[in-house]
Amino acid sequence: MAQTVRGFRDIMEPDAAAFAELEARCRALFRLYGYGEIRLPTVEQRELFVKSTGDTTDIVEKEMYAFEDAGGRMLALRPEGTPGVARAYIENGLPAKDLRQKLFYIGSMFRAERPQAGRYREFEQIGAEYIGNPDPSADAETMVLLAALLKSAGVKEIRLEINSIGCPQCRPAYKQALLDYLKANLDSLCDNCKKRVERNPLRALDCKTDGPKLAAGAPPMKYCPDCDAHFAQVREHLKNAPLAFNVNPNLVRGLDYYTRTVFEFRAAGIGSQDAIAAGGRYDTLIKSMGGPDVAAVGWAMGADRVLAAAASGERAAPKPEVFVAAADKTAAPKAFQILQFLRGEGLRADAAAFSQSLKSQMRAANKSGARFAAIIGEREAAEGTVTLKDLAPGGQEKTVSPREAADLARRQLQDGLKAS
Ligand code: HAM
């Protein structure tokens with residue numbers, strides 16, 4: 001029997017509807033904050049991620065779905081959206097129109113990580129990139145927007161952790177101090193960190209095994225005056241928003257392009273994969289890719305994890321509101337017409353096979369959870385009417401025109417909503 005590939009999965013109702021709703025909420029809020037959508041290709045040159053995400057990162061080193069196509073090109077399924085947005089910004093000549101661009105994207109990302117609850121090989125990211133605003137208020141604004149989105153999605157308990165990892169001026173000295181410290185403690189490092197300590201010492205602080213024990217003794221970051229002021233202002237803006245945060249000096253993030261502010265949102269009650277969204281500033285990436293010298297800041301949320309954190313109780317699959325049944329074969333054309341009419345009226349309408357007996361169609365109507373059945377028999381077909389039957393216990397039935405039936409159903413459904 002055919003099966004899905006390990007780490008990949010089907011998303012069925014009611015979860016599929018929950019994804020669609022989350023996306024719709026995000027789209028609405030993005031518009032409010034002035035973001036436009038960008039639909040990125042799923043496949044990019046492998047080199048794009050090697051150069052931007054970074055060749056010493058887990059994502060590029062171990063997790064990327066990279067392959068050679070028939071034309072001998074080295075390609076990759078995108079593991080994240082930021083490099084694609086930066087490429088698109090440059091390639092489509094956006095800087096000539098306006099250096100400042102606010103772009104959001106929604107789509108699948110691919111990482112060959114070890115699958116577990118909340119960690120998938122194909123997962124959905126909803127991301128935002130604010131290009132062209134170097135001001136600390138842009139960092140704060142992106143975090144405030146993210147918090148608003150998470151709240152609107154129904155995530156109740158969030159924890160925001162922030163840090164600054166400095167800039168190309170102040171980071172080299174910090175890296176060296178950290179490297180000296182790690183070398184002095186080499187014996188206590190895990191095999192992975194031992195291997196990459198020279199290439200990317202910051203990663204040791206991010207390591208699940210070594211990070212916590214290294215944290216206490218690690219040398220503190222010494223910022224240059226500009227980075228210091230920037231970080232202080234970000235904190236100030238967050239306090240004024242107000243948006244609660246916690247400064248975590250060990251938050252370094254596993255991607256290479258970050259400068260200055262980095263942040264992570266964590267949620268309660270979803271197990272170990274509790275990072276539901278993360279991001280940071282990347283002021284040097286676009287220039288390093290051949291674009292203008294322009295600052296940027298952004299984030300991506302893991303939609304799968306956000307929905308897990310937002311789930312309160314069972315999600316209900318959407319039910320039809322009216323189920324249309326034809327009492328016999330001659331009524332089928334009319335029943336089909338009424339089915340379309342009801343949908344045109346904005347009612348969720350459905351039907352089974354009109355060729356089945358009325359009894360089986362009514363069984364299907366009850367099974368579907370619909371509140372009403374709209375029955376069309378010989379008489380109704382001749383008169384152009386429909387018998388609307390309330391399927392709730394003790395419900396009445398009435399033979400009326402299709403328009404009256406739609407109005408009646410709508411009114412009672414609304415009354416039911418008000419009563420509940
Ligand atoms: P990231 O931290 O690698 O950052 O991923 C962002 C979010 O994607 C994570 O916080 C998590 O919720 C979700 N995520 C990552 N991997 C998985 C997985 N295997 N399964 C389920 N969810 C996952 C980035 O991707 C950056 N591009 C964010 C950014 C945008 N920075 C600046 N702009």
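The buried residues of helix H4 pack against strand S2, helix H2, helix H5 (94–97), strand S5 (101–110), strand S6 (122–131) and helix H12. The model described here is predicted.

**Helix H4**

- H4 is mostly covered, since eight of its 10 residues are buried.
- The buried residues of H4 are Thr 82, Pro 83, Gly 84, Val 85, Ala 86, Arg 87, Ala 88 and Tyr 89.
- After H4 comes Gly 93, which has a positive phi near 65°.

**Helix H2**

- Helix H2 spans residues 46–54, and its buried residues are Leu 48, Phe 49, Val 50, Ser 52, Thr 53 and Gly 54.
- These buried residues pack against strand S2 (43–45), helix H3 (58–63), strand S4 (74–77), helix H4 (82–91) and helix H12 (285–288).

**Ile 59 in helix H3**

- Ile 59 is found in helix H3.
- Ile 59 counts as buried because its relative accessibility is 6%, and the limit for a buried residue is under 20%.
- Leaving aside residues up to four places away in sequence, Ile 59 touches Thr 53, Met 64, Pro 79, Arg 111 and Leu 255.
- One of these contacts, Thr 53, is also among the buried residues of H2.
- Between Ile 59 and Ala 112 there are 53 residues of separation in sequence, and their C-alpha atoms are 8.4 Å apart in space.

**Gly 279 in strand S10**

- Gly 279 belongs to strand S10.
- The relative accessible area of Gly 279 is 0%, so this residue is buried.
- Its contacts, not counting residues up to four places away in sequence, are Arg 253, Tyr 258, Val 262, Phe 263, Gly 298 and Trp 299.
- For one of these contacts, Val 262, the C-alpha atom is separated from that of Gly 279 by 5.9 Å, although the two residues are 17 residues apart along the chain.

**Helix H11**

- Helix H11 comprises residues 225–240, a total of 16 residues, and its first and last C-alpha atoms are 23 Å apart, close to the expected 22 Å.
- Buried residues in H11 are Cys 227, His 230, Phe 231, Val 234 and Leu 238.
- Viewed down the axis of H11, its buried residues fall within an arc of 95°, so they line one face of the helix.
- An α-helix has 3.6 residues a turn, so residues three or four places apart point the same way.
- The exposed residues on the other side of H11 are Pro 225, Lys 239 and Asn 240.
- The buried residues of H11 pack against helix H6 (136–152), strand S7 (158–164), strand S8 (246–247), strand S9 (261–267) and strand S10 (275–281).

**Helices H1 and H13**

- The axes of helix H1 (residues 15–32) and helix H13 (residues 303–310) come within 11 Å and cross at roughly 105°.
- This angle makes H1 roughly perpendicular to H13.
- In this pair, Ala 18, Phe 19 and Leu 22 of H1 meet Ala 303, Asp 304, Val 306 and Leu 307 of H13.

**Domains**

- The domain assignment divides the protein chain into domain 1 (15–170 + 223–310) and domain 2 (322–413).
- The C-alpha centres of domain 1 and domain 2 are 49 Å apart.

Definitions and conventions:
Residues numbered from 1 in each chain as written. Predicted model: local features only at pLDDT ≥ 70, side-chain atom pairs only at ≥ 80, totals over all residues. Heavy atoms only, no water. Helix = DSSP H or I, 4+ residues; strand = E, 2+ residues; numbered from the N terminus. Expected span 1.5 Å × (residues − 1). Buried < 20%, exposed > 50% of the residue type's maximum accessible area, 1.4 Å probe, protein only. Arc of directions from axis to C-beta. Contact = heavy atoms within 4.5 Å. Domains from an automatic or database assignment. Axes fitted to C-alpha atoms, helices over the stretch in contact; angles between N-to-C directions. Parallel < 35°, antiparallel > 145°, perpendicular 65-115°, else oblique.
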